[in-house]
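Work through the exercises below with the model open. Each task is followed by a stepwise solution.

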Amino acid sequence: MALDRFGRNISYLRVSLTDKCNLRCVYCMPEDMIFRPNHELMQDDELFLLTRVFADLGFSKFRLTGGEPTIRQNIVGIVRHITHLPGVQDVGMTSNGLLLKELAQPLAEAGMKRINVSIDTLDPVRFRKITRWGNLDDVWAGIEAAERAGMTPIKLNAVVVRGFNDQDVTEFAKLTLKYPWQVRFIEMMPFGEVAAFAKDGIVTEAEIRQRIADEYAPLELQNDGKLDGEARIYKFDGAPGEVGFISSVTQPFCASCNRARLTADGVLRLCLLRDKEVDLLRPLRSGATEADIKQIILDGIWHKPWGHGLSRDIIPLTRVMSQIGG
Ligand code: SAM
Ligand code: SF4
């Protein structure tokens, strides 16, 4: 079991499979983003060893992310490997959906239970602007393929950015009147080179809920406000779907955090919003044994920061989101 010094049992690993992406969302990376050369990233055998070590340490839930995880070579084989590790109960993925039309079925057959698809607006022109060149139809085709493949309930992630898609939140929430999906609004977080953009453009949960109430109807809080993962859940009266809010900036959920992250370059990132990291890949390549790696992980987790410092203007500077894995 991997415990931190505050008594939190850390059992959920988000694994970034690549820092590369087939989009360039404005809140995630600069347009001229420079990616790491492949040899600096975990190769399949290294990824398999490290994920097995995490599973041995009691990590039972994994989420594959990136960059865009579906562009990683051998993605189906990687999913099959991780879903079959002893002790692993739940493997999900966060994807921009562009390649899911072809990949959803093979991923489901490899054991992928669920998928979260990022789609920030239902307007094709604004979608292109926010992703810099994405085609909304491809994402829709991916969502439909994921649903056909049984990766349900489908969760859709929208980062709300003032001036880009804040006018779309009500239409987006109304998808839950028609579909049994969970539509989630994410407060934009500041990272590295895009930090100033994120700070200026953030739209808070309170503002989004007020806008939805003004433009359509109020959302009703579910489960007495108990979080589903990181999302606070609401519903429109009688709707089959749910509306979630991931409000890491204005309503942090650090006290119940059970997550750690493994970046594509093999670094253990202890908190999404803190720069404290522990390299695993370099020791592994220098001959560290599995027992050594386990100890490095346990020591790192023990020192997991309590929470983020955004309210005190402490902003993660070393990486943007695509280099961490959201
Ligand atoms: N490419 C995949 C995707 O977009 O779903 C997976 C990686 S992406 C970094 C993971 C999640 O982080 C996405 O839901 C994305 O919208 C979110 N994200 C990226 N940058 C963010 C930021 N600055 N603040 C909040 N969420 C962000
Ligand atoms: Fe790519 Fe996902 Fe970042 Fe968008 S949010 S640029 S899809 S990694």
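For the first exercise, Ala, Val, Leu, Ile, Met, Phe, Trp, Tyr, Cys and Pro count as nonpolar, Asp, Glu, Lys and Arg as charged, and the others, Gly among them, as polar. Note that this is a predicted model.

**Exercise 1. The shell of ligand 2**

Task: List the residues around ligand 2 and sort them by class.

Solution: 
- Step 1. Locate the ligand. Ligand 2 sits in the largest cavity.
- Step 2. Collect its neighbours. They are C21, L23, R24, C25, C28, M29, G67 and N96.
- Step 3. Sort them. The shell around ligand 2 holds five nonpolar residues, two polar and one charged.

**Exercise 2. Two helix pairs**

Task: Describe how helix 3 packs on helix 5, then treat helix 1 and helix 2 likewise.

Solution: 
- Step 1. Two packed helices are described by the angle between their axes and the distance between the axes.
- Step 2. Take helix 3 (residues 100-109) and helix 5 (residues 136-148). Their axes lie 8 Å apart, at an angle of about 20 degrees. Helix 3 is therefore roughly parallel to helix 5.
- Step 3. Assign the hand. Helix 3 and helix 5 cross in a right-handed sense.
- Step 4. Turn to helix 1 (residues 44-56) and helix 2 (residues 75-83). Their axes come within 10 Å and cross at roughly 20 degrees. So helix 1 is roughly parallel to helix 2.
- Step 5. Assign the hand again. The crossing of helix 1 and helix 2 is right-handed.

**Exercise 3. Backbone exceptions**

Solution: 
- Step 1. Recall the background. Most residues other than glycine have a negative phi, and most peptide bonds are trans.
- Step 2. Check R132. This residue is not a glycine, yet its phi is positive, about 80 degrees.
- Step 3. Check P153. A cis peptide bond joins T152 to P153, with omega about -5 degrees.

Notes: Residues are numbered from 1 along each chain as its sequence is written. Chains are lettered from A and ligands numbered from 1 in the order in which they are written. This is a predicted model: local features need pLDDT of at least 70, side-chain atom pairs count only at pLDDT 80 or more; totals for chains, interfaces and linings use all residues. Side-chain values use heavy atoms; hydrogens and water are left out. A residue is near a molecule or strand if one of its heavy atoms lies within 4 Å of it. On a 1 Å grid over the protein atoms alone, a cavity is a set of points where a 1.4 Å probe fits but cannot get out, and a pocket is an open set with protein on both sides within 12 Å along at least five of seven lines; lining residues have an atom within 4 Å of a point. A molecule sits in a cavity or pocket if more than half of its atoms lie within 2 Å of its grid points. Axes are lines fitted to C-alpha atoms, for helices over the stretch in contact, and angles run from 0 to 180 degrees between N-to-C directions. Helices (H or I, at least four residues) and strands (E, at least two) are DSSP runs, numbered from the N terminus. Angles under 35 degrees count as roughly parallel, over 145 as roughly antiparallel, 65 to 115 as roughly perpendicular and the rest as oblique. A crossing is left-handed if the near helix is turned anticlockwise from the far one by less than a right angle, and right-handed if clockwise.
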